[in-house]
Amino acid sequence: VSKLRGEPGTKVTLTILRGHTVPPPFTIARAIIKVPSIVEAKILEDSIGYVKVTQFQERTAPELNRELTELESQGMSALILDLRDNPGGLLVSAVEVADLFIPGGHVIVSTKGRRPAQNHEYRSRDVRPHPLYPLVVLINGASASGSEIVAGAIKDLKRGVIIGENSYGKGTVQTILRLGKPDQRMALRLTTAKYYTPSGGTIQGTGIEPHVVVPVTAEQELQRRTQKYRRMEKALDEGENEKPEKEGEEPSAEGEKPLIPQSELEKLTEEKTKEEGFVDIQLQEAVRILKAIKAIGGGSNMSLQLSAGR
């Protein structure tokens, strides 16, 4: 990694091994890579808003707040928050995102460790910047840590409906302890506590179970991810990105790799990378449920009766 990094604008030549073949070397220009955390925000049918959040960075909550305000100005009356494949990020960012949807005074997430100093509650503020419109949160097996904090709070507080597949189950607090002299650049990442949802349930090893389970095949997953990567590339090309994270010792809510093996996905790439004809069945189900909630006049606390009766 240290050989790859360097001054922006300078070049580095890479030799890539692919299986048993070695293609010609690649020469690329170094740059500061800014990965967008919000790659799509739009109005779907029936005034239903859709926002895709890919990770929790320093500016994710303010950017999401801006996107929600814009969608509300366009008449949004319900929202789908897509946290599929979101591996996490900064703990404080995940709390701030959940705080945009939850009334003040509620526990969003708590941490518990062996020492009392490691026990902490993160609560929602009294400020409520957005209406309590019907809400659906989409998750899958690659939604981890920060995503599970948001989905767990929404679920336990009955603020919305969780749709998709069981999340990853990454609910540990890790603290970085510096070792040696500053110029030695050594540190130890130590697990010091666990995350717990508002009801006291643990995230670690169990994940968040959706109200409405909508499984997808590896083939459908590949098609959806192909669309996602194209949207991310478009957001990068248009400059709709976030500032790089600052170095520090803030607790992280970083997740893991997707559960579907990459090898299984690659087998399908030749035939299944076209967008034409693809139907996102999880998103489709989210739209269906929000339409039903709106049709019967349901508000923010709708959820369990509808999903249990499916």
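Helices (H or I, at least four residues) and strands (E, at least two) are DSSP runs, numbered from the N terminus.

## Basis and overall fold

This is a predicted model, in which local features need pLDDT of at least 70, side-chain atom pairs count only at pLDDT 80 or more, and totals for chains, interfaces and linings use all residues. Residues are numbered from 1 along each chain as its sequence is written, and side-chain values use heavy atoms, with hydrogens and water left out.

The protein chain has seven helices and 14 strands. Of its 310 residues, 42% are buried (under 20% relative accessible area, with exposed over 50% and partly exposed in between; 1.4 Å probe, protein chains only).

## The four-stranded sheet

An open antiparallel sheet has the strand order β8-β7-β12-β11; strands pair if DSSP finds at least two bridges between them. β8 (120–123) and β11 stand at the edges with a single partner strand each, so one side of each lacks a neighbour in the sheet. The twist averages 30 degrees from one strand to the next (axes are lines fitted to C-alpha atoms, for helices over the stretch in contact; angles run from 0 to 180 degrees between N-to-C directions).

Eight bridges join the antiparallel strands β11 and β12, and Q174 stands opposite T191 in β12.

## The nonpolar patch

L177, L179, M186, L188 and L190 make a nonpolar surface patch of about 410 Å². β11 (172–179) and β12 (186–196) each give two or more residues to the patch, and β12 gives the most, with three. L188 lies in β12 and is partly exposed, at 38% relative accessible area.

Patch residues have over 30% relative accessible area and no salt bridge; like charges are joined within 9 Å, and nonpolar side chains (Val, Leu, Ile, Met, Phe, Trp, Tyr) within 5 Å. A salt bridge is a side-chain nitrogen of Lys or Arg within 4 Å of a carboxyl oxygen of Asp or Glu. Accessible areas come from the Shrake-Rupley method with a 1.4 Å probe; for residues, only the protein chains shown count as cover.
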